[in-house]
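Hi everyone, thanks for coming. Let me put the structure up, and then we'll walk through some rings and an interface.

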Amino acid sequence: MAYMAEGAEGLRSVPALLDRNAREFGGSPAYREKEYGIWQSWTWSEAKDEIEALALGLLNLGVNRGDHVAIIGRNRPTLYWSMVAAQMCGAVPVPLYQDAVAEEMEYVLGHCGARFVIAADQEQVDKVIEVQEDLHQFEHMIYVDPRGMRKYDHTRLHEFSHVQAQGRAARDEFSKELESRKAELDYDSTCVMLYTSGTTGKPKGVVLSNRNIIESGKASSEFDSLRRDDEVLAYLPMAWVGDFIFSIGQAYWTGFCVNCPESVETLLNDLREIAPSYYFAPPRIFETQLTQIMIRMEDASPMKQRMFKHFMAHARRVGPDILDGKPVSFGDRMKYALGEVLVYGPLKNAMGFSKVRVGYTAGEAIGPEIFDFYRSLGINLKQLYGQTEASVFITVQPDGEVRSDTVGVPAPGVELRIAENGEVFYRSPGVFVEYYNNPDSTAGTKDAEGWVATGDAGFIEESSGHLRIIDRAKDVGQMADGAMFAPKYVENKLKFFPNILEAVLLGNGRDYCCAFLNIDLTAVGNWAERNNIAYASYQELAGHPQVIAQLKGHVEEVNKSVAEDEMLSGCQVHRFIVLHKELDADDGEMTRTRKVKRNVIAEKFGDLVAALYDGSEEVYTETEVTYEDGRKGKIKATLKVIDAETVPVTPRAVAAE
Amino acid sequence: MRDTEGYVTADGRQIGGVLMEMKNITLKFGGVTAIQDISFDIHEGEIRAIIGPNGAGKSSMLNVISGFYTPTVGEVWYKGAKRPQMKPYEVARMGVARTFQNIALFEGMTVLDNVMTGRLTHMKSGIAAQALWWGSAQREEIENREVVEKVIDFLEIQNIRKTPVGRLPYGLKKRVELARALAAEPSLLLLDEPMAGMNVEEKEDMSRFILDVNDEFGTTIALIEHDMGVVMDLSDRVVVMDYGKKIGDGTPDEVRNNQDVIDAYLGVAH
């Protein structure tokens with residue numbers, strides 16, 4: 001394709017890419033959104049017309065160069081247009097998480113000093129109005145959905161379509177100005193500002209330039225040979241860098257169509273209707289879909305169940321090899337083809353994966369069983385490792401080299417370096433410009449040569465050249481004998497069992513490792529129901545001898561697999577306790593994004609930690625809990641401390657001497 | 001500030017002139033008098049509530065408005081003309097739609113089909129054309145579907161569009177009923193206990209929808225409700241009934257301070 005060859009020359013901003021797309025293939029679809037039960041679509045030239053009308057309207061409202069325009073709402077074409085329209089005016093779009101509460105929005109809006117807000121609906125408008133008193137720079141708000149907005153004071157509030165209409169009316173007046181502002185955009189002007197989720201302290205505004213976005217979009221599109229006729233479903237938060245790269249960076253570079261679902265509730269249905277060819281989801285979504293399939297299969301007729309089991313076993317054996325192009329016997333291929341007709345095809349269709357050429361998962365470790373399930377069906381699911389600061393891509397798995405325990409090789413143009421302490425550093429054209437108004441943090445993360453610290457510890461596997469991430473660098477420690485302690489690695493292995501919801505590994509600086517476990521009430525409850533085991537409460541089920549026996553089996557299996565790891569064999573779980581309550585964000589034991597807060601847990605359950613290490617067989621404890629309405633209560637329990645079998649290993653450090 | 005031509009509500013909405021007027025309505029079933037000499041009016045664009053203790057005659061009143069009962073004595077005036085005795089479907093054609101206290105949906109049909117039935121009064125093509133789905137019938141169906149989809153979008157039930165109603169929980173069924181009534185694009189919407197049996201969250205949702213319907217489409221709404229908190233928050237004017245008689249009529253504040261109303265609700269020593 002000719003425009004590929006000319007590279008980024010002349011295409012140094014998203015609006016410039018839009019011009020090219022409208023010029024070269026203006027008739028192909030750019031956006032689709034399901035509304036009123038029908039997929040409404042816009043071609044590239046129509047999208048350009050809409051975006052320009054909005055940009056003219058924004059000029060009419062007085063948007064200046066360098067202004068920040070906050071964008072809040074779920075994935076809708078109108079909001080994607082808003083981002084590009086803001087860029088056209090020389091302003092900086094700042095997408096916000098739509099589920100953020102008003103105070104969180106206040107911080108971000110205040111920090112970037114947004115003069116304009118484009119909000120999806122009344123709900124978002126209300127949140128901004130609630131905090132606007134303290135936002136001194138805030139001037140105008142534009143809303144997309146007029147529903148329920150009639151009674152609002154409209155002196156500083158405008159309807160999206162009206163702004164566009166005013167823009168169209170003022171075309172003669174402002175089109176020159178718009179052209180000159182578009183022409184001013186170059187590779188170093190800011191493309192977007194995205195706020196990090198802020199699990200550690202206040203959110204930071206990551207400034208990404210056109211260079212970052214376009215180079216990343218270009219390199220990754222070429223890596224996976226994305227095409228103009230690809231389809232994606234845009235459903236992940238617009239404030240997340242991944243969505244920006246997929247739905248704007250890659251979409252504008254290759255010119256594929258971005259589809260927006262009708263509502264959050266209709267997502268799975270819309271997914272099926274669109275059948276995307278390029279798909280991205282966090283592991284949680286794949287897990288949910290797999291669970292749904294399994295539950296539905298249990299209700300299917302015996303004949304279908306047998307067929308499903310038979311062909312799935314076959315798929316597990318040969319499916320991944322066929323996908324990777326490895327040699328597979330003719331008979332196995334024929335059987336796989338039959339399975340495709342009878343089982344895999346219909347299954348993929350039901351999940352909306354009939355046409356997936358490239359699928360990615362990232363953000364968390366994915367269970368090997370889940371990963372293999374999708375791959376054995378012939379879905380090219382891969383893993384990548386990335387960050388907002390890198391414009392997503394740090395490492396990706398190339399086709400044919402996909403494994404569940406690595407995150408792949410450095411993405412095109414990315415250099416990797418592992419520091420003394422195991423922390424991963426990278427350098428690439430996608431590396432962010434700076435944290436907005438925060439030179440200290442910028443200097444702390446990015447050094448003068450452009451190397452960025454990820455905060456994750458990992459190592460490069462010598463045999464394959466793939467990167468393996470072990471844990472957050474600050475969580476990695478040493479055990480008493482000097483062996484490496486990486487809790488997340490073991491916890492993830494434990495959590496891959498459906499029965500285990502959460503696991504916390506202890507052992508930093510100690511002789512051996514111990515763990516707290518949380519049962520998954522859905523999975524274990526389901527099991528109890530099928531086996532006629534009566535229980536009155538979570539606590540009772542968690543303490544049931546048969547449940548504990550099952551978990552003991554899981555722990556011992558994990559120990560076996562941990563023992564095989566050359567670096568982390570010391571992290572086997574010697575003793576564990578099944579907790580009497582679920583770890584909960586309301587009690588401060590986890591973050592809102594369900595990440596375990598280790599120090600809080602170690603302190604709160606100090607008596608249990610002591611029991612794990614002093615050899616006692618059971619321990620009595622009282623724990624304070626917070627109910628949903630804010631009242632506090634106490635749970636009392638006597639918990640069993642279970643010894644698990646471990647596999648003896650010779651510590652590496654000793655062997656080396 | 002009230003005159004025959006309309007008034008302005010406390011929150012500044014302009015209410016239009018009289019849409020429907022009940023004049024000296026009495027309804028008897030044999031020896032039982034369900035409604036005794038009641039008069040009140042409903043203005044265009046307002047939310048008018050009818051409240052009262054159990055057995056006060058509220059539902060009978062709603063049935064008189066919808067044409068299901070013909071009053072023994074009295075007249076119903078609608079859009080400036082006296083309404084002759086009519087069948088309920090004829091009243092429906094004149095722009096009065098309703099929901100029921102006990103949900104009356106087609107359980108085996110999908111939500112979409114149920115809401116489509118609300119468009120029945122707007123379909124004019126004959127049986128043959130509809131069966132063949134040809135010409136005007138096809139055009140008509142597409143037009144009607146468009147209206148229905150807007151209602152579905154408005155009430156946020158897109159995700160259950162194709163779900164059979166029988167599988168839905170109670171609160172959603174109520175919403176589907178409202179959708180069907182709205183699909184008729186009524187000038188007067190009658191709601192018979194729209195919040196009955198709902199939990200707090202469902203009630204909040206429903207209140208929101210009722211206010212939005214009134215605000216967005218300017219639909220006049222007459223509703224019966226037990227939940228006093230909801231009624232007082234939602235409605236512009238309230239009629240209070242007790243033992244078939246009207247004992248109060250006015251804004252929520254006026255009614256709240258009316259001694260007869262307090263007695264009827266809290267009970268009084270006789």
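Before we start: a residue is called buried when its relative accessible area is under 20%, and exposed when that area is over 50%, with partly exposed in between. Also keep in mind that this is a predicted model.

So, aromatic rings. Searching the whole structure turns up 24 aromatic pairs over all chains. Take A:Tyr31 and A:Trp81: their ring centres are 6.0 Å apart and the planes sit at 85°, so we call the pair edge-to-face. A:Tyr31 is in strand 1 of chain A and A:Trp81 is in helix 4 of chain A, so this pair ties together parts that are 50 residues apart in sequence. Buried or exposed, what is A:Tyr31? It's buried, at a relative accessible area of 1%, and A:Trp81 is buried too, at 2%.

Over in chain B, the rings of B:Phe29 and B:Tyr69 have centres 5.2 Å apart and planes at 75°, so that pair is edge-to-face as well. Here B:Phe29 is partly exposed, with 37% relative accessible area, and B:Tyr69 counts as partly exposed at 25%.

Back in chain A, there's an aromatic cluster that includes A:Tyr31, A:Trp81 and A:Trp42.

Now, where the chains meet. The contact takes 13 residues from chain A and 15 residues from chain B. Together they bury about 1300 Å², with 42% of it on carbon and sulfur atoms. How many salt bridges cross the interface of chain A and chain B? Four. One pairs A:Arg147 with B:Glu156, whose closest N and O atoms are 3.4 Å apart. On chain A's side, we have two nonpolar, five polar and six charged residues touching chain B.

Terms used: Residues are numbered from 1 along each chain as its sequence is written. Chains are lettered from A and ligands numbered from 1 in the order in which they are written. This is a predicted model: local features need pLDDT of at least 70, side-chain atom pairs count only at pLDDT 80 or more; totals for chains, interfaces and linings use all residues. Side-chain values use heavy atoms; hydrogens and water are left out. Contact means heavy atoms within 4.5 Å. Buried area is the accessible area (1.4 Å probe) that two parts lose on being put together, summed over both. A salt bridge is a side-chain nitrogen of Lys or Arg within 4 Å of a carboxyl oxygen of Asp or Glu. Ala, Val, Leu, Ile, Met, Phe, Trp, Tyr, Cys and Pro count as nonpolar, Asp, Glu, Lys and Arg as charged, and the others, Gly among them, as polar. Rings of Phe, Tyr and Trp (its six-membered ring) pair if their centres lie within 6.5 Å; planes under 30 degrees apart count as stacked, over 60 as edge-to-face and the rest as tilted. Helices (H or I, at least four residues) and strands (E, at least two) are DSSP runs, numbered from the N terminus. Buried means under 20% relative accessible area, exposed over 50%, partly exposed in between (1.4 Å probe, protein chains only).
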